[in-house]
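Q: I have just opened this entry for the first time. Could you take me through it?

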Amino acid sequence: MNTPMQPETVPALPANPPTWHRRLLEGRAAVFATLATVAISIGGIVEIAPMFALQDDLRTAHADIAPYTPLEVAGRDIYVSEGCYNCHSQMIRPFRAETLRYGPWTRAEEYVWDRPFQLGSRRIGPDLQRVGGKYPSAWHWEHMKDPRSTSPGSIMPSYPWLYTQRIDGDDVRASVAALRTLGTPYTDDEVANAPQLAYKQGAAIVSDLRAMQIKTATGDLEVIALIAYLQRLGTDGRAALASAEPAPGGAP
Ligand code: HEC
């Protein structure tokens with residue numbers, strides 16, 4: 001029934017296998033290690049060197065996406081320190097359901113000044129990448145104080161301390177200076193006058209709130225910085241995309 005298995009024919013080893021190529025490298029650990037290091041370094045330089053050359057291009061190539069203002073930087077620091085990213089993403093994916101709900105999907109260049117990125121990994125709350133301009137500042141003021149007041153049934157926590165804690169001018173300047181070290185093109189003036197620029201922008205938001213009968217706001221409150229940041233989110237990208245090609249998926 002079964003044909004007996006044929007024993008496999010294994011080619012006989014040559015009596016003296018060639019070993020010269022092994023002796024050449026593998027026999028000499030120091031030489032081998034040196035050559036391997038040289039080879040890996042060449043690969044590394046080819047990958048890394050162009051990125052340094054790119055730095056200058058970034059500043060002109062992304063003229064559409066302006067760096068955050070000092071007050072927005074302060075707001076962003078609060079966003080990070082309060083852990084808002086645990087519940088909110090900042091990344092609209094190129095799917096129809098997402099673009100219908102949130103707006104145009106986000107392109108990589110929109111994050112060029114985001115250090116570190118706030119893409120997030122969970123959406124317990126909605127995506128915030130295009131929240132800028134979606135609501136009046138007064139809405140954010142009420143929402144951050146008591147999310148249930150604007151969004152019945154919301155599970156977002158209240159942040160009452162943002163209404164008593166104030167931003168520190170020196171901290172704002174330090175954050176802006178640190179971002180400049182990392183390549184964000186702030187001028188000397190912007191770094192030196194970061195606190196003044198922040199308070200000025202804060203005052204504009206406060207007068208906005210006054211017009212909506214919110215009288216207790218002052219320009220240096222943490223919540224004002226956070227509102228400045230939220231109102232900025234995704235606005236440059238949206239404007240740049242509006243003048244560019246329509247996105248796949250039929251979204252604007
Ligand atoms: C426990 C999860 C959670 C945390 C933490 C959280 N949020 Fe929310 N957020 C939500 C949920 C849920 C909603 C949707 C209901 C609502 O509007 O409150 C929301 C809504 C929002 C909205 C309105 C978005 C829209 O398009 O309607 C903004 C703005 C917002 N959150 C900002 C923040 C900021 C800023 C922080 C950090 C200070 C934060 N959230 C922290 C869960 C969270």
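Predicted model: local features only at pLDDT ≥ 70, side-chain atom pairs only at ≥ 80, totals over all residues.

Q: How many helices and strands does the protein chain have?
A: The protein chain has 11 helices and 0 strands.

Q: What box do the C-alpha atoms fill?
A: Along the principal axes, the C-alpha atoms of the protein chain occupy a box of roughly 95 × 60 × 40 Å.

Q: And what is the radius of gyration, against that of a compact globule?
A: The protein chain has a radius of gyration of 28 Å, whereas a compact globule of 252 residues would have one near 18 Å.

Q: Into which domains is the chain divided?
A: The division gives domain 1, residues 23–59, and domain 2, residues 69–241. The centres of domain 1 and domain 2, taken over C-alpha atoms, are separated by 41 Å.

Q: What share of the residues counts as buried?
A: Of the 252 residues in the protein chain, 27% count as buried.

Q: What about contacts between residues at least 6 apart in sequence?
A: Among those contacts in the protein chain, 73% join residues at least 24 apart.

Q: Let us turn to helix α10. Is it mostly covered or uncovered?
A: Helix α10, residues 222–232, is mostly covered, with 10 of its 11 residues buried.

Q: Which residues are those?
A: The buried residues of α10 are E222, V223, I224, A225, L226, I227, A228, Y229, L230 and Q231.

Q: What follows α10?
A: G234 follows α10, and the phi of G234 is positive, near 75 degrees.

Q: Which residues of α3 are buried?
A: In α3, the buried residues are P70, L71, E72, V73, A74, G75, R76 and Y79.

Q: Which helices do these pack against?
A: The buried residues of α3 pack against α7 (169–181), α9 and α10.

Q: And what comes just after α3?
A: Just after α3 comes G83, which takes a positive phi of about 75 degrees.

Terms used
Residues numbered from 1 in each chain as written. Buried ≥ 20, exposed ≤ 12 C-beta atoms within 10 Å, placed from the backbone. Helix = DSSP H or I, 4+ residues; strand = E, 2+ residues; numbered from the N terminus. Contact = placed C-beta atoms within 7 Å. Rg over C-alpha atoms; globule rule 2.2 N^0.38 Å. Domains from an automatic or database assignment.
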